[in-house]
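Hi there,

Here is the structure I promised to pass on to you. Have a look at it first, and then read on for my notes.

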There are 2 protein chains.
Amino acid sequence: MADEMASQFREHSIAEFFKKNRQMLGFSGKIRSLTTLVHEYATNSLDACEEAGILPDIEVQIEQLDNGHIRITVEDNGPGIPKKLAGKALGQMLAGTKFHRYMQQRGQQGIGASGAGMFAQITTGRPVKFRTGTGDGKAFSADLKIDFKTNKPLLEEEEEKDSAYRGLWIQAEFAEVKYDKGEYSPFEYLKRTALANPHAQILFIEPTGERTLFPRASDLIPEKPVEIQPHPLGITTSDLVEFAHASKERKLSSFFVNTFSRFSQGKVQELKEALPEVSMDMPPDELQWEDAEKLVNAFKKLRWISPEMDALRPVGPEQVAKALKNIYNPEFMAVAERKPKVFRGGIPFMVEAAVAYGGNAGRRKADGSVGGDILRFANRVPLLFDAGGCAIIDAVKGMDWRRYDIRDFEKEPVSVFVNFVSVHVPYTGAGKQAIADEEEIVEEIRLAVMDACRDMQRYLHGKVREAGREAKKKAILKYVTQLAQDLPLLAGKGKPKEIEKKLLQMIENKYSQLTLDEAEEEAANGNGVKEEKPETGNGDEAKEE
Amino acid sequence: MADEMASQFREHSIAEFFKKNRQMLGFSGKIRSLTTLVHEYATNSLDACEEAGILPDIEVQIEQLDNGHIRITVEDNGPGIPKKLAGKALGQMLAGTKFHRYMQQRGQQGIGASGAGMFAQITTGRPVKFRTGTGDGKAFSADLKIDFKTNKPLLEEEEEKDSAYRGLWIQAEFAEVKYDKGEYSPFEYLKRTALANPHAQILFIEPTGERTLFPRASDLIPEKPVEIQPHPLGITTSDLVEFAHASKERKLSSFFVNTFSRFSQGKVQELKEALPEVSMDMPPDELQWEDAEKLVNAFKKLRWISPEMDALRPVGPEQVAKALKNIYNPEFMAVAERKPKVFRGGIPFMVEAAVAYGGNAGRRKADGSVGGDILRFANRVPLLFDAGGCAIIDAVKGMDWRRYDIRDFEKEPVSVFVNFVSVHVPYTGAGKQAIADEEEIVEEIRLAVMDACRDMQRYLHGKVREAGREAKKKAILKYVTQLAQDLPLLAGKGKPKEIEKKLLQMIENKYSQLTLDEAEEEAANGNGVKEEKPETGNGDEAKEE
């Protein structure tokens with residue numbers, strides 16, 4: 001038995017794991033798989049451009065080949081990849097620069113491009129072809145395969161040329177994918193990418209040859225993302241031990257000050273007083289779990305300045321408004337601006353929310369009717385799949401929409417835009433399509449959407465009242481002629497025509513301006529908004545400091 | 001730029017990946033995390049017992065410690081783990097015997113126990129303690145940690161003793177978990193585990209000291225799961241190339257016959273005729289992608305005997321019925337028996353479905369009301385989380401329940417049991433809580449539940465008609481006395497008392513037995529059932545052969 005077990009016992013690489021469980025990377029279903037591929041390449045291009053401070057110019061082409069395969073070609077004007085890293089960056093899972101950084105990025109795991117290459121290889125057996133240059137006078141091209149057993153890149157047809165080329169061109173052939181133009185398609189994906197990345201220009205070429213340009217809506221280069229130090233409230237005991245053991249500092253005190261955000265000498269003093277039994281002169285690599293746990297607990301009792309929020313790069317309210325207007329041309333639209341928050345004690349995040357009503361807002365259903373639509377983004381990346389388990393959906397669907405004069409969210413022309421911005425997005429899976437429903441996150445999304453909805457409610461309430469007034473006015477107008485004839489008879493004086501004219505005037509006055517009653521209602525409604533305030537997290541904001 | 005990138009470029013281990021993305025293993029939320037831990041240990045115990053042909057006896061204890069941590073102890077009477085494999089089996093991710101086997105197992109990735117150990121380590125810094133013996137006279141115990149950087153187990157306090165002990169005892173301490181007894185709790189998890197594993201005895205000890213025994217309901221040792229060969233219709237080109245290159249056979253023909261299920265010499269002949277350009281005498285390790293792709297396409301054109309279905313181990317209809325009766329004592333219950341099917345061309349699977357109505361069936365909601373409940377299982381393992389993206393939920397919620405006289409699934413006392421049985425369960429994530437909604441799977445689940453519901457519909461329809469008859473009878477009875485007095489006056493003869501008596505008799509007769517109309521309705525309803533048949537997949541079954 002033991003020997004039998006031993007003979008079957010094997011160790012497997014991460015590449016083998018994802019090869020067997022490709023659905024975990026988003027490769028399930030022919031349409032979703034294709035969108036996942038476009039997503040991975042586009043995301044990498046946008047990240048690379050952003051870090052290099054380049055206005056992105058991205059071209060995505062999808063071709064249907066005669067052998068039934070689909071070929072994807074993506075080219076960007078980004079910084080390119082140095083020759084010695086290219087193989088690993090594109091063909092080794094969990095390798096890259098993104099993994100451990102507290103920095104706002106679209107990709108964060110170093111799996112995306114390698115996963116796409118894996119999918120090419122297991123469906124068509126073909127290598128990924130790429131050409132890249134960093135603008136330093138040399139361009140490098142090669143064919144890339146992945147050795148699944150070892151998770152190592154294998155390069156063939158390597159070639160280096162003199163060239164001023166800067167950027168990355170990548171091309172691969174896939175089977176088990178299908179092109180369509182529905183709500184889960186690469187087209188919709190790129191449209192939404194353009195919505196949340198107005199600084200990017202994206203050209204999309206469909207298999208039919210049809211070309212769609214999503215033009216650059218803003219020449220503002222987004223600020224370069226910055227890497228931040230971890231905040232004392234955001235780390236676990238395990239992290240602290242790991243950081244301490246890897247540190248080259250001589251004392252715990254200098255390790256704290258140099259490793260963490262907001263850790264001043266003053267804080268070291270406070271910590272000494274709060275926890276005299278742990279020496280601040282201890283070499284960090286001697287820190288044991290028990291002391292580390294005490295330290296983490298002591299951190300929680302001190303008052304800290306919030307994490308550095310300036311590492312967060314939202315789209316910005318003006319840009320969101322401009323983009324929504326371009327795409328939906330709605331009757332009404334409101335954008336919420338909220339302050340950054342933290343989750344898990346020390347990870348900064350921020351929620352941008354907007355709501356658009358009427359015009360082309362909402363989702364066109366198969367039966368031609370229109371219903372509410374939720375546009376989900378994480379660090380500006382559209383999330384199209386796995387809606388079921390996503391914090392954004394939980395928050396938006398959990399709202400009492402009738403409060404905002406939306407009687408049935410599924411049946412009104414409303415689009416809700418939510419962009420979750422953070423240095424670490426807690427995705428529910430490696431396919432990165434849903435945000436884990438951690439309480440602090442769901443609550444903040446809810447509050448942000450409520451903020452945006454409050455203005456919409458005023459608009460819709462006005463609309464509803466306007467419709468009511470119109471109906472009343474019409475009902476009364478019906479009787480005016482009759483009344484004008486009866487009144488002189490009853491009163492014994494006056495002329496029907498004159499009375500009718502006066503009555504019409506009275507009605508016009510009454511229904512074309514706010515009555516006293518309605519003005520009061522308006523005021524009461526204002527109070528209603530204020531009453532919601534305790535729910536809007538102002539309490540939380542106070543706690544945060 | 002290039003040098004900066006290179007300096008930040010690192011390779012990461014799978015352990016580091018899951019340490020950073022623990023939510024992907026089911027470690028998100030304090031209650032879910034605790035249930036995930038119990039799930040991982042219980043699953044391993046059940047798998048080990050099943051493979052060794054042992055009736056499982058499992059004890060799970062959860063203790064609340066003074067330091068705020070929770071300690072979990074699980075002990076089984078399984079085959080134990082050989083000393084030289086214990087560290088890797090419990091403390092190295094993606095290592096184990098389960099990974100590449102086409103065999104029905106609860107766990108299938110070799111991550112579970114290592115993931116639990118990782119969670120102990122990152123939340124409390126403590127090692128996992130274990131003791132194991134294979135019954136051969138030696139027992140081995142040690143403390144286990146994981147080196148995240150390398151994904152290797154580190155053993156301390158190793159000790160080997162003479163002992164006849166057979167089984168595995170494992171104990172670990174966790175923080176960031178919380179014990180409660182709700183619908184996502186370890187209690188509910190073990191209750192459902194007992195439901196789908198009537199051959200197991202499970203003792204659960206809660207932090208309060210309360211002991212619950214889920215007794216063995218059947219002494220039938222389930223047949224040992226068997227490993228099957230892959231079916232020609234279930235493999236990809238990529239698999240074929242990989243298997244061929246790893247083969248020691250001298251010719252493609254013998255490689256096919258010895259590697260694949262249902263691949264006879266006759267099939268080799270058919271293949272030769274269908275694809276003369278690929279030589280069956282070629283050494284397998286020279287097989288190139290182009291030929292492999294042609295072969296896989298040619299496989300699809302031949303007629304094959306279905307995969308070996310006897311590798312599937314359902315709970316069995318009698319056992320399901322017994323378990324449902326024990327737990328819900330329902331008014332009515334029906335179990336569907338369906339034949340095994342295949343998905344992705346060659347992976348055998350089978351769906352067991354049952355429905356229970358009334359009694360304690362259904363889910364008790366917070367407001368005290370009862371609503372429909374879906375009990376999901378994969379290879380007898382309860383799935384409690386990620387309901388949103390699961391094929392079982394899709395299938396059950398997508399049904400037109402009114403057809404089965406369930407007007408609103410959310411408001412009726414109905415429990416639907418579904419167990420998905422396969423040699424490979426396509427989970428949506430490493431947390432193994434939802435089955436990917438592949439079309440063939442969703443459809444077969446739907447058909448199985450419909451099968452079970454058909455009998456329930458007859459029962460409920462009878463109930464509804466009975467209620468209708470009662471209402472009509474009551475309405476008519478109201479008028480009997482008045483009618484009995486009026487009739488003699490109108491007719492000019494008869495006595496009110498006598499007439500009343502006769503009328504009552506007539507009414508009683510009419511409503512206590514089927515009328516002719518209703519008997520016809522019954523017959524028509526029978527036809528209605530038959531009309532559904534084309535949907536029940538009989539067509540599919542024919543295609544399968």
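**Notes on strands, helices and a few loops**

In the hairpin of S12(A) and S13(A), three residues lie between the strands, and one residue to look at is Arg344(A), with a positive phi near 45 degrees. Please keep in mind throughout that this is a predicted model.

Strand S12 of chain A covers residues 341–343 and pairs with S13(A) in the antiparallel sense, over three bridges. Within this pairing, Val342(A) has Pro348(A) in S13(A) as its bridge partner.

S13(A) itself, residues 347–357, is mostly covered, with eleven of its eleven residues buried. In general, side chains of a regular strand alternate between the two faces of the sheet. Here, Ile347(A), Phe349(A), Val351(A), Ala353(A), Val355(A) and Tyr357(A) point one way from S13(A), while Pro348(A), Met350(A), Glu352(A), Ala354(A) and Ala356(A) point the other way, and all are buried.

S13(A) runs antiparallel to strand S18 (residues 414–422) of chain A, and nine bridges join the two. With strand S11 (residues 332–336) of chain A, S13(A) also pairs in the antiparallel sense, this time over five bridges. In that pairing Ala336(A) stands opposite Ala353(A).

You can find a pairing of these strands in chain B as well. Strand S11 (residues 332–336) of chain B and strand S13 (residues 347–357) of chain B are antiparallel and share five bridges, and Ala336(B) stands opposite Ala353(B). S11(B) is largely enclosed by the rest of the structure, because four of its five residues are buried.

**The open sheet in chain A**

Back in chain A, eight strands make an open sheet with mixed pairing, in the order S7-S6-S5-S8-S3-S2-S9-S10. Its edge strands are S7 (152–162) and S10 (211–214) of chain A, each of which pairs on one side only. On average, neighbouring strands of this sheet are turned by 15 degrees against each other, direction ignored.

Inside the sheet, strand S5 (residues 128–134) of chain A and strand S8 (residues 166–174) of chain A run antiparallel and are joined by six bridges. Gly133(A) has Gly167(A) in S8(A) as its bridge partner. Helix H4(A) packs on the sheet, where it touches S5, S6 (138–147) and S7 of chain A, and its direction makes about 35 degrees with that of S6(A). H5(A) lies across S5, S6 and S8 of chain A, at about 30 degrees to S8(A).

How do these two helices sit relative to each other, and at what angle do they pack? H4 (residues 83–91) and H5 (residues 112–124) of chain A pack at an angle of about 70 degrees, with their axes 6 Å apart. They are therefore roughly perpendicular to each other. At the contact, Ala89(A), Leu90(A) and Gly91(A) in H4(A) meet Ala113(A), Ser114(A) and Gly117(A) in H5(A). By class, that contact of H4(A) with H5(A) has three nonpolar, three polar and no charged residues.

Since 19 of the 23 residues of H3(B) are buried, the helix is largely enclosed by the rest of the structure. Just after H3(B) comes Gly53(B), with a positive phi of about 70 degrees.

Two residues other than glycine in chain B also deserve a glance. Glu176(B) has a positive phi near 60 degrees, and its place is in the loop between strand S8 (166–174) and helix H6 (186–196) of chain B.

With 19 other C-beta atoms within 10 Å, Asp405(B) is partly exposed.

Best wishes, and enjoy exploring the model!

Definitions and conventions: Residues are numbered from 1 along each chain as its sequence is written. Chains are lettered from A and ligands numbered from 1 in the order in which they are written. This is a predicted model: local features need pLDDT of at least 70, side-chain atom pairs count only at pLDDT 80 or more; totals for chains, interfaces and linings use all residues. A residue is buried if 20 or more other C-beta atoms lie within 10 Å of its own, exposed if 12 or fewer, and partly exposed in between; C-beta atoms are placed from the backbone. Two strands pair if DSSP finds at least two bridges between them. Axes are lines fitted to C-alpha atoms, for helices over the stretch in contact, and angles run from 0 to 180 degrees between N-to-C directions. Angles under 35 degrees count as roughly parallel, over 145 as roughly antiparallel, 65 to 115 as roughly perpendicular and the rest as oblique. Two residues are in contact if their C-beta atoms, placed from the backbone, lie within 7 Å. Ala, Val, Leu, Ile, Met, Phe, Trp, Tyr, Cys and Pro count as nonpolar, Asp, Glu, Lys and Arg as charged, and the others, Gly among them, as polar.
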